[in-house]
Amino acid sequence: MTVSTAPAVHDRLTPRARGLLLVLCGALFLDALDVSMKGVALPSIGAELGMSTGSLQWVVSGYVLGFGGFLLLGGRAADLLGRRRMLIAALAVFAVATALGGFATSGPLLVAARFVTGISAAFSAPAGFSIITTSFAEGQVRNKALSIYTATGATGFSLGLVAGGLLTEVSWRWVFHAPVLVALATLAGALAVVPRTAAAPGRGFDVAGSATITAAMLLLVFTLVEAPNAGWASVRTLGSLVAVAVLLAVFAVLERRVANPLLRLGILRSGPLVRANVAAMSLLGGWVGALFIVTLYLQDGRGWSALETGLAVCPSGVVVALLAPRIAAPLVGRYGSGRVALAGLVASVAAYALLQFLDASSGYATLMLPAFLLVGVAFTLTYGPLTMAAADSVPAADQGLAGGLVNTAFQVGPALTLGVVSAVTASGGLRAALVVPLIVAALGVAAMLPALRRA
């Protein structure tokens, strides 16, 4: 087995470096666009395919299952098998799976397509992240590149909300077909500008560890998603959680014994990396949970169209697209990634606190818009700085793994939150479920409080 050496490092944003960054941003833009387009189309999908609210959740959760289950494997595969190779292969699979989803005639077929799409994203996301962190010099240039990178994701998410609403007015199937064009364009760009790197003698691939952790992550995400239906205290749920614990214990033993582990356990001793992962779970988990509730509330409760819902939520992404490239890197340079991320998480708490007052008499401009703008501020201050903290906490050889870890956290958070949200919705309704994102955001603030003690 061989491992590629690192590409040439850019110490400034030259035209060549900008071209590379553009393609990598395109890959993240695609992931964000894909997720948000599907979100606003859920009610239409459910109506045509006869899917209940519980089964409809799997259109989102199927993607999360594939993404979260394979991210660690995808991260290490990028490090060992080649970042360019993994990115290109993943983009090709993404295009095929997304196209097939658009032709699905039943809920199970659609969920299966989403699962494969999630797996492809699990290989493209850490590959793109590690290409950036190994291609741009640590410090101001890398922080700037990461700020642009994360802002692109927010732009894709916000545009996806609007585009998804427009396309859903024609047919929900177009929210699957349209991203195929973006995937093919990004794939062509990757083939042209992502550099090849020379092969060098490398480490063997940890097959046993890869199989064990992937099985553990798949079972964990599946259990969290299904727990509301099976019952959190049911034999099935508790048995699955015990099985997850056993698999993780076996994985830990394997990683201590093999010469070239999939996950070097010592990496978890890094405080900044652990805090970044906990905060990542909180940031995206809180927002995906809130978005799921608000989308169903506005369309089913208030009768808003998919387009109206997309336009209503869109300002959150616009804030990130406008502010993140300009202020995230300078703020990190002055205050540190931990403190900036903590401020963003506080903004998310404020946003979900406002949504606690959402009811039939709530005005958009007086309550929902301020909440969505605060979410935009939260992502501006938190998403990029968390990726910076993860990148700065490990050496170049582990960048793919660090990317896989933080992206795994970004996916496990939504899976856990959606499971709890579904349970609370079933027992207390959508209004009661709005408390869940607030609690999740508060947990993120608690996790990042140690950052205040940094000099």
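The model is predicted: local features need pLDDT of at least 70, side-chain atom pairs count only at pLDDT 80 or more, and totals for chains, interfaces and linings use all residues. Residues are numbered from 1 along each chain as its sequence is written, and side-chain values use heavy atoms, with hydrogens and water left out.

**Confidence**
- The protein chain has an average pLDDT (the predictor's confidence in each residue, from 0 to 100) of 83, and 93% of the residues score at least 70.
- Residues 1-6 fall below 50, yet this stretch has 23 contacts (heavy atoms within 4.5 Å) beyond near neighbours in sequence.

**Cavities**
- The structure holds five cavities of 30 Å³ or more; a cavity is a set of points, on a 1 Å grid over the protein atoms alone, where a 1.4 Å probe fits but cannot get out, and lining residues have an atom within 4 Å of a point.

**Largest pocket**
- The largest pocket (an open set of points with protein on both sides within 12 Å along at least five of seven lines) has a volume of about 430 Å³.
- Of its 19 lining residues, L72, M217, L268, L405 and T408 are the closest to the centre.
- This lining has 17 nonpolar, two polar and no charged residues.

**Salt bridges**
- Three salt bridges (a side-chain nitrogen of Lys or Arg within 4 Å of a carboxyl oxygen of Asp or Glu) are found in the whole structure.
- K38 pairs with D34 at 2.7 Å between the closest N and O atoms; K38 has a relative accessible area of 2% and D34 one of 0%, so both are buried (under 20%, 1.4 Å probe, protein chains only).
- D34 also forms a salt bridge with R114 (2.8 Å, N to O), tying together parts that are 80 residues apart in sequence.
- E48 forms a salt bridge with R173 at 3.3 Å.
- Shared partners join D34, K38 and R114 into one network.

Key. Points joined across faces, edges and corners; volume = space filled by probe spheres on them. Nonpolar A, V, L, I, M, F, W, Y, C, P; charged D, E, K, R; others polar. Buried < 20%, exposed > 50% of the residue type's maximum accessible area, 1.4 Å probe, protein only. Helix = DSSP H or I, 4+ residues; strand = E, 2+ residues; numbered from the N terminus.
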